[in-house]
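Could you walk me through this model in my viewer, one selection at a time? I would like to know what to pick next and what is there.

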Amino acid sequence: MITDTHCHITCDELYPHVEEILERAKEAGVDLMMVMCTNKTEYLRALDLKFKHPELLKVAFGFYPGDAQDVTQEDLDFLRHEAMSGRMDVLGEIGLDYYWDTSFKDLQKDLFKKQIELANEANLPISIHMRDASRDTMDLLEQNAKTPVILHCFSGSLPIMEEALKHNMLISFAGPITYKNNKQGPANVAACPADHLLSETDSPYLSPVPHRGHRNEPAFVQATVQKIAAIKELDFEEVNQQIRRNFEALFGDEKSDGNSVDPSASLPPASSQKEQALASIPSFLEQFDPSWKEVIVSEEENAENK
């Protein structure tokens with residue numbers, strides 16, 4: 001029972017090998033993954049996979065802050081349609097990123113706020129990307145978010161994490177907590193209550209030790225969970241079970257104990273509605289040119305992955 005709450009397995013780099021990646025994940029004990037989609041093509045691929053593997057996958061879709069200059073009204077209309085459809089489970093990853101470029105902060109903030117408001121309207125949890133933008137991100141969340149929040153691949157300060165915990169946000173940790181020179185990550189893990197933490201790979205990025213130098217994939221989340229368990233001096237399986245409870249509570253699949261995430265903050269579709277949404281996927285996908293399935297893989301990449 002291992003959970004990867006954030007993986008980009010429908011990106012062009014991983015999608016050509018996705019069935020093998022899923023098989024390796026299952027062999028490693030990873031039996032629940034959330035597929036993160038940052039554009040329409042990735043989302044259509046993820047829906048196709050979700051229909052084939054409904055017990056294995058959840059799907060998140062949202063527009064990444066670095067793409068704020070390119071997101072059109074048509075894109076937002078499509079996101080709205082899907083947020084209301086029941087086919088997606090989480091809206092994300094959304095947020096702010098000032099690391100690469102600070103020249104369009106206002107565009108990022110505007111896109112972020114619109115997507116938070118859409119998640120509120122659709123009663124969907126949100127997954128947050130926050131890089132070199134902690135204060136602005138937290139301010140917008142505290143002012144606008146009304147559904148459960150995941151701080152993905154958290155690398156912020158302890159005071160920011162404590163602030164997030166006061167607002168009942170979930171803190172997700174990835175491969176960097178295993179890196180030798182990363183002191184803040186393990187300190188954050190140690191301070192984070194077990195009932196508010198999650199595990200992720202952010203694959204194909206940020207491979208954990210001992211897989212650094214290799215392309216990341218969901219099977220490797222085991223190493224991150226092992227590190228969390230070691231830092232917190234807890235049993236590996238105990239940590240896995242707690243992470244699963246934390247994640248499932250986002251969707252109303254676990255009852256709150258008063259300290260963990262309260263699923264009443266977000267009202268997901270009832271079981272029959274979820275089944276209807278899942279059943280609608282094939283006919284929905286038929287509306288689109290099947291080119292979303294196609295990825296050109298170089299001979300070098302083919303050789304590398306044999």
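Two strands count as paired if DSSP finds at least two bridges between them. Keep that in mind for the first stop, and remember throughout that this is a predicted model.

**Stop 1: the end of the sheet.** Select strand 7 (residues 170-173) and strand 8; they run parallel and are joined by three bridges. Within this pairing, look for Phe173, which stands opposite Ser199 in strand 8. Now widen the selection to the whole sheet: it is open, has eight strands in the order 1-2-3-4-5-6-7-8, and its pairing is parallel. Strand 1 (2-7) and strand 8 (197-199) are its edges, each pairing on one side only. On average, neighbouring strands here are turned by 25° against each other, direction ignored.

**Stop 2: helix 5.** Next, pick helix 5, which lies across strand 4, strand 5 and strand 6 and runs at about 155° to strand 5. Colour Thr137, Met138, Leu140, Leu141 and Asn144, the buried residues in helix 5 (residues 134-144). Where do they sit around the axis? They are on the same side of helix 5, because the arc they cover is only 165°. A reminder that helps here: an α-helix has 3.6 residues a turn, so residues three or four places apart point the same way. Show the surroundings too, and you will find these buried residues packing against partners including strand 4 (90-97), helix 4 (105-122) and helix 6 (158-166).

**Stop 3: the aromatic cluster.** Select Tyr43, Phe61, Phe63, Phe78, Phe284 and Phe288, which ring pairs link into a cluster. Across the whole structure, a search finds nine aromatic pairs. Zoom in on Phe61 and Phe78: their ring centres are 6.0 Å apart and the planes meet at 65°, so this pair is edge-to-face. Phe61 belongs to strand 3 (residues 57-61) and Phe78 to helix 3 (residues 73-83), 17 residues apart. Both Phe61 and Phe78 are buried.

Then move from Phe78 to Phe284: with centres 6.4 Å apart and planes at 20°, these rings are stacked. Since Phe78 is in helix 3 and Phe284 in helix 11 (residues 281-285), the pair ties together parts that are 206 residues apart in sequence. Phe284 has 5% relative accessibility, so it counts as buried.

**Stop 4: Asn240.** Finish in helix 9 (residues 236-249), where Asn240 is found. Is Asn240 buried or exposed? At 1% relative accessibility, Asn240 counts as buried. Leaving aside residues up to four places away in sequence, Asn240 touches Met1, Ile2 and Val225.

Notes:
Residues are numbered from 1 along each chain as its sequence is written. This is a predicted model: local features need pLDDT of at least 70, side-chain atom pairs count only at pLDDT 80 or more; totals for chains, interfaces and linings use all residues. Side-chain values use heavy atoms; hydrogens and water are left out. Helices (H or I, at least four residues) and strands (E, at least two) are DSSP runs, numbered from the N terminus. Buried means under 20% relative accessible area, exposed over 50%, partly exposed in between (1.4 Å probe, protein chains only). Contact means heavy atoms within 4.5 Å. The arc is that of the directions from the helix axis to the C-beta atoms. Axes are lines fitted to C-alpha atoms, for helices over the stretch in contact, and angles run from 0 to 180 degrees between N-to-C directions. Rings of Phe, Tyr and Trp (its six-membered ring) pair if their centres lie within 6.5 Å; planes under 30 degrees apart count as stacked, over 60 as edge-to-face and the rest as tilted.
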